[in-house]
Amino acid sequence: MDYGLVVLIEVLRAIAGLVLISIGLAIIFGMMRIVNIAHGEFLMLGGYTVVLSAKAGINTWVAMLVLAPLVVGLVGVAIERCFIRFLYGRMLDTLLATWGLSLFIVGFVTVVFGNTLEGVSVSVGSFEIGRFRVAGYSLFIILVGAVLLAATVAVLRFTRLGLIARGTMQNPNMAAALGLSPPRIYMVTFGIGAALTGLAGGVLAPITGVVPTMGIAFIAQAFITVITGGAAIVAGTGSASTLLGSVSQLTTFATTPVIGDVALLFIAVVLLRILPQGITGRFFRRSL
Amino acid sequence: MKPLLETRNLVMRFGGVTAVNEVDFLLEEGELRCLIGPNGAGKSTFFKCLTGQYIPTAGEILFRGKPITGLNSHDIARLGVGIKTQVPNVFNGLSVQENIWVSARRGRTPRMTARIVEEAMARVGIADLAARAVGELAHGQRQLVELAIVLAAEPALILLDEPAAGMTHEETERLAAIIREINRTQALIVVEHDMQFVRMIARKVTVFHQGAVLVEDDVEAVMRDARVRDVYLGKRVAA
Amino acid sequence: MVPRFLLGTLATTAAGIAITILIPMVADAFEVMQYTLYVVLGIYTLSLAYIWGLGGILCFGQGAFFGLGGYTFAIAAINMNETTVPFLMAIFIAATVAAALGYFMFYGRLSDVYLGVVTLVFTLIIWKLINSTAGPEYMIGTARLGGFNGIPSVPPLNVPGDPSRMFDPVEVFYIAAFFLIATYLLLKFIQATRFGRLSVAVKENEVRASLLGYDVRMIKLLVFTIGGAIAGLGGALYAAYQSFIDPNAFSLEMSAKVLIWVMAGGVGTFVGPLLACFGLQALSIWISTVPWANSLLVLGGILCFVVLLLPKGLLPGLADLSTWLMARARRRTPPEVILPAPEGKRA
Amino acid sequence: MGIDRRGFLKASAASGAMLGASALMPKFATAQGADILVGGLHDETGGLDFAGKPMQQVLGFAVDEINAQGGLLGRKLKLIGADTQSNMQLYASLAQQVALKDKVSVVHGGITSASREVIRPALRRFNTLYFYNTLYEGGVCDRNCFCTGTTPAQTVQKLVPHVMKKWGKKVYTIAADYNYGQITSAWVKKYVEENGGQVLSTDFFPLDVTNFGPTIQKIQAAKPDLVMSVLVGAAHLGFYRQWAAAGMKKQIPIASTTFGAGGTEPILITPEESEGIISCYGYYPTIDTPANKAFKAKVQAKLGAAPPAGNGPLLTELSVCTYEGMMLWAAGVKKAGTLDRMKVIEALESGISLDMPSGKVTIDPVTHHVTRDVYLADLKNREFVILESFAQQPPADTQAVCDLKKNPNENQHYQIKL
């Protein structure tokens, strides 16, 4: 009984983890068709923001929930202005360009901030379930994952910004005809995707720690989750994370982390074979 | 003699929308049929079912008496069905000649292929464009290239989806002549909006409305039909 | 068109042969060995340049076949104490696996970026699995898989039929160069055949090709299998040349690197990707020995600039540049520079 | 214990094949006064940069120190440092480059066992002397290669009984899934059983695993007295974080054969997360001897008081062994009076012994490993508090399988089976 509960919490945490690392990419890749290989580095920048601010004496929660998204969002906007905006509609070039960008960011961060930074820990404590102790932080991550999904739905569905962004991605000329400036909308959308990724990097920092090269560990999983999810941003990310996260975590419990990872990849392949357009290519089509 | 093409009770549904609704359709060898109907009447979907791009939800398609329902596009094409799709569907990166070569080369020797390519270009009147890249041609010219591609495969049945779209008046007239000429040897089904054009080429017309066959008759009779007018004017019809 | 096409191929081949003969004459033994690596990676580059450039198949996991070729060669050569049969086995296994994966994908009507992701996931699965074979229980015959450490002491290439006579490094260079040139010629030949031209047509427009009666799945499957075989050939030479193979061959980096070479060199050409492969590889070696520079910073910066300045890739980009310069010289008026629109719609 | 003979035959066949390449023999630049070149292959960027950077820096420091004392054989030393970028393919290429193009007299370098096994056979082929200065799983038997780091018989043998006496007899091992982790965890099992204990389970993790949630629950279910960590690299630090976050630090203590060896681990995680981890290495910065204090002062004067912000500590087992490896090589060259590779090897085999920051370091002629002092330390607020020291520990594990006196042509990495 207690074991079952512990497993459930771990599974939910794995799902939330996938949601966190992929929601920003779902926006940048799913909406804007930018194959952002530097996505992992955005996560890393979020982590660095938290660690550096904590070092500067700023409250960790503020750093994590406010500064990380803000800083990475601004970095995202800057990158979009100097770089990405020349590449819209050239999906494959974005792959090459952001690969370069990803190397550049890793090198830059190493040179400027160093590769060895003290980790942060947040004192949420732990609690007991029967014979087991569970980290309170796991619950926090689950919470953040759920809130992020809900917030993204709300923004896309109910705000003017969300509506305009969705419209522009469908048809930039339409937006221009309505007197909106597509470049600005692209910039803001990219910034939001980056900000969400920064938030995720910040929230995960206390568990993963931060080193300049940490991004590589997330990039494949994030892309697989987004593409398995299909076209709908929230429903896709949510359903793919749930499926992949629970399969891999349950397998990990039953066997080893390697087999767990392999199970995740395997399910993704089988799923794409059955549903070539991703989960939301078939189900929840009309959702966001 | 068996009809060239027959559909029995053909149905195509997408989710809750029924795009093709219980269509029974018959085409004789050597016939030229026009398919008309307002936008969204299901004509293009009907074509896609015939060519294997969609697998029908229900019903049967017979080509010369042989069931072809649910076959792959390339299998149907090999039986002798060619199609010019609504949006020009060509190899943009290749030259006009290469485009037609791809079509003509299937199942033929290089020498025969070369002859057929020349013939197809001459028949449609685009020999002067042979070396041009298709991607840089005007819309009307690309329509003609696609027609030549379809011809070069020498199918028994040719489906043309809005072949006159984007053409100048002269081009349209030439197209009508070409179609009449093709019809000497092959059967055609032509989807077209332009009633002038339909009059130029067709004897028998089938009218689609909301996925089903509304009327099927001589061109003049159809033009006089009140229901057809209502449909085109957007009035509600008691079907 | 045909004579020009032939002329270019012949000129490239002649240049390739000349360079191959010249290098051991002017270069140190060490440099010859380094160039061998370039040549081997060049074969790997051609495998993707082919399936992507002529077949339109975007494979994010080409490393899978490269690695399979390397591992097959290593395991078979250690077991057989001979390298000719293992060499052929490497090509065969890589091609077979490519055919199986290709069947799975093309007959499942996967395309585009979804297909790319499946290939990526496929190579990552192998990577994860092979990485977890460090234990002594993972043996194939007498070869230990070795997990993360890979397989050391892979026998070097020997003269076919005479396992005791091994090729020396300069000979290995010649062999690798021979295979690179042969691969190039083979691909140029395929490009000129009916099948090659059809595969280009399929790349241009799949729907049209199938409406003309061509089995698109079959054509793509063949292209993909040929690409897999070539990557396997590269992998076998790689393992033989370095005398080790490790799971990095299956890593994201190995697959992404070749994508970048092809893209930077220009999709649709063979020479461009080769030049990009050689150039970027040399750059990355050179940068490692420059004490003041952070390798990643410099490499990343260069890549970013390449994309912005030569959007079509190296070779087509240079071609554009020379046309532009010639036009400028002739007209002496500012030409119309076509820049990508600052904003566009989604692809 | 068994030995993998077949592998050995293969390896020697492979190296024999390359003898055809005699043209590749480096021709030493013998011109009087020309600099003596020393190769350093370390990962200064990429995933292992935290370990590689200090090694390269301290190697440079050692070169400068020798030059300040007048160089070797009347000539100055020059370091050819190459950044291997944590990439095996670059290890292969750059080993070729420094050996054949730069024609260095010796190569120091390699961090993971994987990288060592890439460059070791290559350098042997190119007749270039090789020093591997990292703590590792033991078993390298190659006359061209000297290993100056510690091996399990020197450290794990001391660590296991100490922590078992302190905490209890039931051990749960978690290890990195590659050569080093596999072999070291086998040693852990051997020593635990020799001391009357029991290893409940040994779990292996590839180097990129960051998710330890399920493992932590499994360990709790198994209820060991202590956890023995053979984890490696930055990703695996997640274990210590998640362990502390689950409140396990006060429940089950941790000992480690790796934690802090590269110096950065205690910095990357917080003091609360690392408090009380017991380890055993050949060097700690806190060794309280005049030699170490003098050494630290010299390094401080040369390379700065503290590492630049955001970089790990300079002095760790890895970097100090690199320093000591350089000094041992220099002593060998002095003794041989020449740079000739075989003469230097013979001089080193005469049992050269130096007083180094970590204590007395003596080359074991039979295995080309070193006999050195090892230390046991507890981590208190990021400082290694030395609990015990063990003088002059021989590399007994490698000695059990390798005898270069008897078989000078051996070229093998023995997988010591237990």
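In the predicted model, local features require pLDDT of at least 70 and side-chain atom pairs count only at pLDDT 80 or more, while totals for chains, interfaces and linings use all residues. Residues are numbered from 1 along each chain as its sequence is written, and chains are lettered from A and ligands numbered from 1 in the order in which they are written.

Between the two domains of chain D, 17 residues of domain 1 are in contact with 16 residues of domain 2, contact being defined by C-beta atoms, placed from the backbone, that lie within 7 Å. On the domain 1 side, α2 (49-68), α4 (113-125), α12 (317-336) and α14 (396-399) of chain D each supply at least two residues; helices are DSSP runs (H or I, at least four residues) numbered from the N terminus. The most, three residues, are given by α2(D). By class, this side of domain 1 of chain D has nine nonpolar, five polar and three charged residues (nonpolar: Ala, Val, Leu, Ile, Met, Phe, Trp, Tyr, Cys and Pro; charged: Asp, Glu, Lys and Arg; polar: the others, Gly among them).

Helices α5 (residues 152-167) and α6 (residues 179-194) of chain D pack at an angle of about 45°, with their axes 9 Å apart. That angle makes α5(D) oblique to α6(D), a term for angles that are not under 35 degrees (roughly parallel), over 145 (roughly antiparallel) or 65 to 115 (roughly perpendicular). Axes are lines fitted to C-alpha atoms, for helices over the stretch in contact, and angles run from 0 to 180 degrees between N-to-C directions. The contact is made by Pro152(D), Val156(D), Gln157(D), Val160(D) and Met164(D) of α5(D) and by Thr184(D), Trp187(D), Val188(D), Tyr191(D) and Val192(D) of α6(D). These residues divide into eight nonpolar, two polar and no charged.

Helix α7 (residues 213-222) of chain D is largely enclosed by the rest of the structure, because seven of its 10 residues are buried (20 or more other C-beta atoms, placed from the backbone, within 10 Å of the residue's own). The buried residues of α7(D) include Pro214(D), Ile216(D) and Ile219(D). Just after α7(D), Lys223(D) adopts a positive phi of about 50°.

How values were computed:
A residue is buried if 20 or more other C-beta atoms lie within 10 Å of its own, exposed if 12 or fewer, and partly exposed in between; C-beta atoms are placed from the backbone.
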